Every structure is written in structure tokens, then in C-alpha cells.
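Open the model in your viewer and keep the selection panel at hand.

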Amino acid sequence: MQLQWHEKFRALINNRWLVFVSAMWVQAFAGIGYLFGSISPVIKSAMGYNQRQVAFLGVAKDLGDSIGFLAGSLCEVLPIWVILLIGVVQNFVGYGLVWLVVAGVLPDLPLWALCIAIFVGTNGETYFNTAVLVSCVQNFPKSRGPVVGILKGYAGLSGAILTQIYLMINFPNEASLILMVAVGPSIVVIALMFIVRPVGGHKQVRPSDNSSFFFIYSVCLILAAYLLGVLVLEDLIDLSQTIITFIAVVLIIFILLPIIIPILLVFFSEPRPPAEESLLSETQKEASKSEQDVNEVILSEVEDEKSPEVDSLPASERQKRIAQLQAKLFQAAAEGAVRIKRKGPRRGEDFTLMQALRKADFWLIFFSLVLASGSGLTVIDNLGQISGSLGYTDTSIYVSMISVWNFLGRVGGGYFSEIVVRKYAYPRPVAMAVVQVIMAIGLFYYSMGWPGEIYVLSVLIGLGYGAHWAIVPASASELFGLKSFGALYNFLTLASPAGSLIFSGVIASGIYDYYAEKQAALSVRNSEAMLAVPLRDDDSLSCEGSICYSITFGILSGLCIVATGLSLVVVYRTKRVYANLYGNSRS
């Protein structure tokens, strides 16, 4: 009996669903960058910064959150637990230093030093993201859309989760939120770092997998609805500490709920026969792989040899002509009449990062991300100031709200983009074009100053920005392969800070400070006390009214439309690739 339980426990530890659930927990507490909207007003107040200086801190955070070249490279040579441990050290040291300065334990540091600390602390998140995505995409190679969407969704939700836990603990001052950012994720990741890893999940496919995904999606929707209800409740009435604690405990139960799946699969389901784990012997696998390689070469040569007129033929005739040409190439290759050669990988095959950088599709996706996700990140980073400029005192509610919609965007983006490719064999980037239009609508709504603009902005930007990070990693893995997925993914994440550097660090902060100075000067002139002290350069200025960001968001709305155009170009260029990848599964 003891031996049987030992085997069950070993099976649980090596179960791909346990790895997936553990990765969800890591992401639920590791999306520290999404709390910047809550901690930036604390830093601004404690250090006496103006909005431009806060924007520089935001850009440092975005760079740290996105520069993951080292994480992607190390992931190919180091164990996953080492990658996670590096992230823990960076997160703890970076944000720990920021807390010591803001809390007054250490003397004030110059702005550049705090930028470096925030960069280092947030850069730990790239190690968390890379480790869990690489592990789970390898464990679920045929469900990459839902897997990526759920994992990135939980990362987007971490801002709301950490905020609720912070309220439950009831720290004595706001600076303690920074301390929790340094300590909380580190504890969770250390507890799970030996579980999250590739476990040969492609051999653990079960008929119940669809039901398991359905259960996780249900938990996601319940979790999002619960958090939205909590946020509305907190916005309407003042809750007692007892109720806040109860809310946080229920939240933690919802987060832990998916552990039911691996427990049921291991302890309460029939064991699978060994034949189902590996249907081919090693010799057969090698023969099959060799034959597959030859077939791929022949298919590549078909693309080179076929005439342009073939593409304009009806589908049945086109397939017939291609099959005839392929048969001729097979025969000629067997007789030695032609020499099959490769010119490098084609879309849908495995690319290295350097090979991908030579492809127009890769750069189209990248610049589309620069414009759209850079706009979304500008809103997220400045949400504390946006809500403050509209007269709302509790900015954490709106930071949490956009985290919830960010979560739903990621989960929904993964789910609906999977429907697009599985059911219609249409390019996944078409879903990216749709969400970019949604973002443009949200930004335009705010720029017009229409009623409830903060709520519309939070919902539409949260959904649109979140959906990008479910759609793009899955698209990259389909078009450029899984071999260098970590490096490809981390290069694409550079798009967000590249856009934020311009949109937030220059445009948004410049317009905000212009109107803040204009309002401050007007206030001084209108003051009855002519002894008012003139404003100094280091005074902390605040802007009031929708004008502070309306012009910025009007500009960003137009840029999102341009991003939509770039995405549609990718859709047009990759139709054939997705038809080859998913056309058979559709039929």
C-alpha cells in the first residue's frame, strides 16, 4: 500500500496538469509589473517626483519586464528551477531596495538608481514568464493557444490578487505594498520551482483534456466575476477589515481550485496502459522522423517548382496538380535525377532568432505590437494618475479593475483565437487585428470626454492589451516553431517598452506636465494671497480633468488603427501557412 502511494505521488509530481496548475499559481503572483500603477503614486509622493520622473520609472519597469534575452538563452542550457531562482533573486533585491528607500530606512537615492532597482526587480518577471511558458508549451504542444492565454491571463490578474492580499494583511502604511511585491512572489516561486518543468506532456494526452480545460476556463470566469464584484463593492461602500479578510480568503480558495484536476487524474482515474504512452518503438520513431524530414524537403521543393498559375486554380484541381508534382519530385529524388536542397526554414518550421529576424512577418508582428501594446501599457502605467486627474481618490480600484479585464482578455484571446485557427483554419493574427480595433475605440472614447470614460477605458484597454499576450506567443510558435520559442517570445516582448518609451515617457508625460504647470500657474494668479511661493522645478505637480490625457489618447487611438493594418498584412501573408497547419484538422 505504501509503495502504491509512493508511485501515485511520483505520478502526481510528473503530471503535466500539476505543472500547468503550478505555473498558473506562479503567474498569479509574479505579474509584479501590473502593480506599478498602484506603487507609482506612493513613490511619487515619498520622493517628490513630477510626472515626467515617474514616467522614467515606468519606462524602467517596462524595460525590465520585457528584456528577456538572457532568460530565453539561459532556458536552453539551464534547468527550469535555476531560471526561476534567478528571477526570485532579482525580484527580491530590486523591489526590496525600492522599499528601503521609500520607507526611509535608507537615504534617498538619485532617480537613475531607483530606475535601475525597478528594472532589476521587474526583470525577474521575465524569468518567471519564460520558465512557465516554455515548460507548458512543451507539455501541451497541441493546446498552445489556451495554455498561453490562461498563463498570461493569471499574470495579468496578479495586480488585483496582490492588492486584495495587501488589503487583507492591513499594513500600517502604503509603502508596505512595495515590500509585499518584493517578498510575496519570491515565496510562491520558491515553493513551486521544482514542480514547474517539462515532463514529457505530449505523452500524457487523455480524452478528458477538453473537460479539464473547460473546468479551468470556468474557474477563470468565476474568478474574474468575483473580483469584479469585489471591486464594485469596494467602490460603493467602506468595508470592514473582517469582510476584506473574508473576501481575500475566498479569492485564495478560487486560485487553489484547479489543483482538483491533477489530483483526480492521478488518484481517482484508471491508470493508462503503457502502450498509450508511446505507440512507436524507438526504431520506428527514428524511421518516421527520417521519412517526415524527407517529406518536408519535398514539400518545400514543390513550393519552388510549381508555377504561379497553380494558386489560381480551384481547390480540388490545385491539390491534384501539387500531388502530381510532388510524386514526380519523389521519383526524381529516388533516382538521383534531382538533388533536394533546403534554403532554410519556411514559415511553420523551426527558426532561430536570427533567422526569424530576416522575415518580414516577424517585423510586421513586432511593429504592430509596438503601436498597440505600447499604447495599452501607457494606459496601465499611468492609470493611477489618470484616475487621480478625474478626481478619484482610491486609484487601486481601477488598477485592479484593469487587471481583471486584462485577465479576461488573455484567457478569451487564447480561447477565441484557437477557434479561429481550429474551426476556420484562418490566421491567428486576425484576432490581434480585432482587439486592436477594440483598443482604438476605448482610447477614442476617453479622448472625447464622454461619461464613464475611466470605466470604458479600463474595460476595453484591459481586454485588448491582455488578448495580445495570448495571441502573439501562440502565433510566433506556429509561424517560427518551438525550437527557439523562449528567445523569440522575449524579443517580441521588447515591443511594449519600445512603444511605452515614446508614448508614456515623451508624449503622455509631456502633455500631462504641460497642463499641470498651466493649471498651477493659473492657480497662483487667481490666488488672493499674492505671497504665494513660486513653483520650483522639483515641486510635484498634479493635473486635474480629462484634458490631462485626452489628447494623448486621441493620438494613441490613431496608432492602434495603424497597428490593425499591419496585423491584417500578416493575415494576408500567412493564409497558406495556417491552411496547411490546420486545414486537415478542420476537415
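How do the residues of the lining of the largest cavity divide into nonpolar, polar and charged? They divide into six nonpolar, seven polar and five charged. Here Ala, Val, Leu, Ile, Met, Phe, Trp, Tyr, Cys and Pro count as nonpolar, Asp, Glu, Lys and Arg as charged, and the others, Gly among them, as polar.

Before you select anything, note that this is a predicted model: local features need pLDDT of at least 70, side-chain atom pairs count only at pLDDT 80 or more, and totals for chains, interfaces and linings use all residues. Residues are numbered from 1 along each chain as its sequence is written, and side-chain values use heavy atoms, with hydrogens and water left out.

**Stop 1: the largest cavity**

Select Tyr34, Asp65, Asn129, Lys152 and Thr493. Of the 18 lining residues, these are the closest to the centre of the largest cavity. A cavity is a set of points, on a 1 Å grid over the protein atoms alone, where a 1.4 Å probe fits but cannot get out; lining residues have an atom within 4 Å of a point. The space inside is about 190 Å³, a volume being the space filled by probe spheres set on the points, which are joined across faces, edges and corners.

Now colour helices H4 (51–66), H7 (111–139), H8 (144–169), H21 (453–480) and H22 (485–492). Each supplies at least two residues of this lining. Helices are DSSP runs (H or I, at least four residues), numbered from the N terminus.

**Stop 2: the second largest cavity**

Select Phe36, Gln51, Val54, Ala55, Gly58, Asp381, Asn382, Gln385 and Ser504, which line the second largest cavity. Its space is about 40 Å³. H4 gives the largest share of the lining, four residues. By class, this lining has three nonpolar, five polar and one charged residues.

**Stop 3: the nonpolar cores**

Show Phe20, Ile43, Ile150 and Tyr154. In the largest nonpolar core, of 102 residues, they touch the most other members. A core is a set of buried Ala, Val, Leu, Ile, Met, Phe, Trp, Tyr and Cys residues joined through side-chain atoms within 4.5 Å; buried means under 20% relative accessible area (1.4 Å probe, protein chains only). A second, separate core of 66 residues includes Ile380, Ala431, Ile471 and Ala508.

**Stop 4: the cysteines**

Zoom to Cys543 and Cys548. They form a disulfide (cysteine sulfur atoms within 2.5 Å), with sulfur atoms 2.0 Å apart. The S-S torsion is about -90 degrees, so the disulfide is left-handed. Both Cys543 and Cys548 are buried. Finish at Cys220, buried at 0% relative accessible area.

How values were computed
On a 1 Å grid over the protein atoms alone, a cavity is a set of points where a 1.4 Å probe fits but cannot get out, and a pocket is an open set with protein on both sides within 12 Å along at least five of seven lines; lining residues have an atom within 4 Å of a point. Buried means under 20% relative accessible area, exposed over 50%, partly exposed in between (1.4 Å probe, protein chains only).
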